[in-house]
Amino acid sequence: MANIIKKISSNHFVLPVFFFFLFALYLSLFIISPGDMGFHAYIARQMLAGEMPTSGNFLFYWMVNIFSFFSTNKTASKISLCFLLAVATTLRYHWSQRRLNSLQIGKDAIRNFLISTFFAVTLIVVFVIPFPTYITIKSFYIGNFVPNIWHNSTTIFLFPFALFLFSLSIDQITNYKRLRNIYILILIFINILIKPSFFFAYILVYPPFLLYRYKFSQKFWLSISPVFLGGLLLLSQYYLIYHTTASYLSYIYSTVDNGAVTIRPFFVYTIYGRLQDLPFSILFSILFPFTFSVLNFSRLKKETVFWFIIALVITSILIYLLLSETGMRAAHGNFYWQVVICVWLYYFYSLQSLLRNFREEGMTLKNKFLGSLYGLHVSFGLIYIVRMFAVKIYF
């Protein structure tokens, strides 16, 4: 019996089970409420058939085609897309579980693994507390700054690669290694070619931290070079999407007006709700990590990773609130997606720190309160998933 428990209490067992569960979940969501998943599968088939030119952020679409064995069949592309989303989410779970497991919270290896596995799973479903504003009375998702989504396939697929980039960047800030710059460059390119959203915030946050750490030394210039090259790739991608009349937007919307990016404060947000609700939406979207930060600020203020994540969250929200597109996609909110990843990082870091506090301080009143607050966020995440199946919409 002990050997059976030991085998079950390992990632060799958990990862395949978790993957197949996610694969079934994504297939089910695709059927009842395909959201952007159906649209992205359509784009992949159109690119494969030569009826749509390859876009600047082509990587996910061609991965769908590769894993569908280059089939233009709808079912094949649907299965391929859901397979890739399950792989990406499993990678995100594994990234979280390994870091939580390293905290050594349990009394022995098996208990430690089970605890870290449980909390890593909760991070896949954790959600906002939908404060009853004008928007959230009818929607859990629209108008909030959520840490998880289930409908936008490119963001879901981007998630683990953004986390890998984040991890290496933190390592580079704290402990410089020249070879790591090459890995960071590769991950920057992968991020941009899947979806440039996380890079929007990253390119504004990572360089100042490098400068503060290394000043204008050789380490700074070598570390900043991947960001510079990524910026060049982003500019070429922008030109392809917005200034090439043969771009894929023309095929999707049957127009040569591809639009542009403009500064238009609060334009997208106020399409769906009221500006006076914004402070409440932000607060109740990050209530657990924000409360944790306030109650533990004297300790957190000394940690570089804390300030890095805070800078990412603030920057990601400002990008969403200040920028928008023009033309056919003006109301699509495509500058929102970096918010999801950055807010999730805030949740992960706060949960990781809370578990460390449980290990070091025990079940204090403060830690119990914060644990209960996190549990409330997880409960709403589960409610949100059930709600998607019940009402067959993701917002």
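1. E360 is partly exposed, with a relative accessible area of 46%. The model is a predicted one. E360 forms a salt bridge with R299, and the closest N and O atoms of the pair are 3.3 Å apart. This pair joins distant parts of the chain: E360 sits in helix α17 (residues 337–361) and R299 in helix α15 (residues 297–300), 61 residues apart. R299 is also partly exposed, at 30% relative accessibility.

2. E360 forms a salt bridge with R359 as well, with 3.0 Å between the closest N and O atoms. R359 has a relative accessible area of 39% and counts as partly exposed.

3. The structure holds four salt bridges. One of them pairs R111 with D108, at 3.7 Å between the closest N and O atoms. R111 is partly exposed at 46% relative accessibility, and D108 is partly exposed at 35%.

4. The largest pocket contains about 1,100 Å³ of space. It is lined by 46 residues, of which E325, G333, N334, F335 and W337 are the closest to its centre. Helix α10 gives the largest share of this lining, six residues. By class, the lining has 30 nonpolar, twelve polar and four charged residues.

5. The second largest pocket contains about 230 Å³ of space. Of its 14 lining residues, F18, F21, V121, V125 and L382 are the closest to the centre. Two or more lining residues come from each of α2 (11–32), α6 (109–125) and α18 (365–391). This lining has 13 nonpolar residues, one polar and no charged.

Note on methods. Residues are numbered from 1 along each chain as its sequence is written. This is a predicted model: local features need pLDDT of at least 70, side-chain atom pairs count only at pLDDT 80 or more; totals for chains, interfaces and linings use all residues. Side-chain values use heavy atoms; hydrogens and water are left out. On a 1 Å grid over the protein atoms alone, a cavity is a set of points where a 1.4 Å probe fits but cannot get out, and a pocket is an open set with protein on both sides within 12 Å along at least five of seven lines; lining residues have an atom within 4 Å of a point. Grid points are joined across faces, edges and corners, and a volume is the space filled by probe spheres set on the points. Helices (H or I, at least four residues) and strands (E, at least two) are DSSP runs, numbered from the N terminus. Ala, Val, Leu, Ile, Met, Phe, Trp, Tyr, Cys and Pro count as nonpolar, Asp, Glu, Lys and Arg as charged, and the others, Gly among them, as polar. A salt bridge is a side-chain nitrogen of Lys or Arg within 4 Å of a carboxyl oxygen of Asp or Glu. Buried means under 20% relative accessible area, exposed over 50%, partly exposed in between (1.4 Å probe, protein chains only).
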